[in-house]
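Colleague: I am new to this structure and would like to learn how to read it, one feature at a time. Could you take me through it, giving the general idea before the particular case?

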Number of protein chains: 2
Amino acid sequence: MQKKAVVLLSGGLDSVTVLAMAQAQGYECFALSFNYGQRNKAELQAGEKIAADYDVVRKVVSLDLGSIGGSALTDAEIAVPQTLGAGIPVTYVPARNTVFLSLALGWAEVLHAQDIFIGVNAVDYSGYPDCRPEFIAAFETLANVATKASVEGEPFKIHTPLIYLSKAEIIARGTSLGVDYRQTVSCYSANENGEACGTCDACRLRKTGFLTAGIEDSTRYAI
Amino acid sequence: MQKKAVVLLSGGLDSVTVLAMAQAQGYECFALSFNYGQRNKAELQAGEKIAADYDVVRKVVSLDLGSIGGSALTDAEIAVPQTLGAGIPVTYVPARNTVFLSLALGWAEVLHAQDIFIGVNAVDYSGYPDCRPEFIAAFETLANVATKASVEGEPFKIHTPLIYLSKAEIIARGTSLGVDYRQTVSCYSANENGEACGTCDACRLRKTGFLTAGIEDSTRYAI
């Protein structure tokens with residue numbers, strides 16, 4: 001029987017690459033997206049298109065992280081910065097990956113999937129604490145005491161195939177697997193057509209990635 | 001300055017006891033409830049009344065755990081059992097406490113609270129894996145690598161003051177702190193008036209607790 005995996009699919013460049021990698025490894029993938037009050041709704045639409053292209057079941061869980069506040073990504077009162085400063089940026093959403101992985105864990109348990117894929121990255125990342133290898137290791141430990149499935153002998157594995165790759169390497173890997181990055185959205189301030197601003201942290205990382213990989217940047221920019 | 005704490009408040013007997021204990025310890029409490037697709041909406045109404053009585057800010061986060069499925073508590077297709085069987089029961093909600101604590105962690109970080117209180121219990125409990133001390137220890141470890149706050153020197157502590165208490169001891173402790181249990185709801189199948197069925201697992205544990213504690217059971221039963 002084909003092994004099942006839950007893949008966190010934001011609709012960004014990284015998560016579609018992870019989905020392509022998980023499929024290439026032979027997993028039957030179940031995509032999980034979140035409507036968490038993010039400014040960037042284009043991301044959700046991208047996730048929908050990608051799930052259809054890859055012919056995977058996709059679930060969108062709604063939860064109001066905006067009500068908790070504390071981030072430029074969910075709070076219209078906090079401006080998205082245009083430059084990468086020192087320290088952890090205001091685009092950090094408190095405990096976001098902890099919440100997302102928890103829900104992925106719950107769904108994985110229901111599906112009898114023991115594998116969860118997430119596109120965190122500890123190289124070209126923005127300094128988020130919940131993208132670090134020690135966070136993932138701690139979550140995997142937690143998952144294996146938290147659930148009925150693990151107690152009954154179905155241990156969970158959290159896969160982070162991008163964690164040590166540069167953005168350029170991610171793009172090269174995805175391109176070799178046939179990923180169409182044109183439909184992905186990375187920009188924190190993408191417009192309703194999914195067009196990117198070209199200047200925020202996420203856009204800069206992405207642009208540099210295509211440039212370094214020597215692959216044509218198919219991103220749709222608004223400017 | 002008064003230390004802040006996030007207290008998970010379901011509206012049940014255990015969580016109101018925890019709230020009373022945290023307040024008695026001098027914390028400024030922030031109550032967190034979840035509208036997660038549970039059958040038992042009376043619980044949410046109880047939480048609202050309790051938060052008002054204790055004069056604490058309460059946030060209700062909506063998230064659709066029912067869409068993930070797998071539990072009698074969120075899925076109308078799965079019957080709530082009337083007797084405690086062997087093993088982990090069908091009322092187990094996959095990864096529920098992991099999800100709840102993750103959201104509590106996010107809110108705590110925004111509030112600059114370093115203390116989170118949860119009324120899990122490893123004695124008179126129903127066999128849920130995410131009520132065990134090893135689960136709580138693993139979550140605390142996770143919390144302290146997952147967040148900006150912990151990286152910047154504000155470590156989190158997960159408080160479980162009920163974890164080794166019997167239901168009778170919990171009731172005795174709460175009663176000594178003036179808790180009015182009449183307004184709490186424990187029943188998995190409470191009706192819309194918050195009246196308990198008197199026969200489900202949760203009702204049995206509660207009834208026995210009052211009996212053993214020698215404290216009059218003020219629970220409102222439908223039958």
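Predicted model: local features only at pLDDT ≥ 70, side-chain atom pairs only at ≥ 80, totals over all residues.

Colleague: How are chain A and chain B related, and by what turn can chain A be laid on chain B?

Modeller: In general, two copies of a chain are related by a rotation about an axis and a shift along it. Here chain A can be laid on chain B by a turn of 180° and a shift of 0.0 Å along the axis, with an RMSD of 0.0 Å. That is the relation of a two-fold axis, and in chain A the C-alpha nearest this axis belongs to A:Leu63, at 2.3 Å from it.

Colleague: How many residues of each chain are in contact with the other chain, and which element of chain A supplies the largest share?

Modeller: In chain A, 37 residues are in contact with 37 residues of chain B. On the side of chain A that touches chain B, β3 (57–62), α3, α4 (133–146) and α5 (148–151) each supply at least two residues, and the largest share, nine residues, comes from α3(A). By type, the residues of that side divide into 21 nonpolar, nine polar and seven charged. Because 100% of the interface residues of chain A are also interface residues in chain B, the copies meet through the same surface.

Colleague: Is α3(A) mostly covered or uncovered?

Modeller: Helix α3 of chain A, residues 96–111, has 16 residues and reaches 23 Å from its first C-alpha to its last, close to the 22 Å expected. It is mostly covered, with 14 of its 16 residues buried, and just after α3(A) comes A:His112, which takes a positive phi of about 60°.

Colleague: What covers the buried residues of α4(A)?

Modeller: The buried residues of α4(A) include A:Phe135, A:Ile136, A:Phe139 and A:Leu142, and what covers the buried residues of this helix includes α3, α5 and β5 (157–159) of chain A together with α3 (96–111) and α4 (133–146) of chain B.

Colleague: Which residues touch the most other members of the largest nonpolar core?

Modeller: In soluble globular proteins, nonpolar side chains tend to be buried together. The largest nonpolar core here has 138 residues, of which A:Val7, A:Ala104, A:Ile116, B:Val7, B:Ala104 and B:Ile116 touch the most other members. Leaving aside neighbours within four places in sequence, the contacts of B:Val7 include B:Val18, B:Leu19, B:Phe30 and B:Phe117.

Conventions. Residues numbered from 1 in each chain as written. Chains lettered and ligands numbered in written order. Core = buried A, V, L, I, M, F, W, Y, C linked by C-beta atoms within 7 Å. Buried ≥ 20, exposed ≤ 12 C-beta atoms within 10 Å, placed from the backbone. Contact = placed C-beta atoms within 7 Å. Helix = DSSP H or I, 4+ residues; strand = E, 2+ residues; numbered from the N terminus. Expected span 1.5 Å × (residues − 1). Nonpolar A, V, L, I, M, F, W, Y, C, P; charged D, E, K, R; others polar. Least-squares fit on C-alpha atoms with pLDDT ≥ 70 in both.
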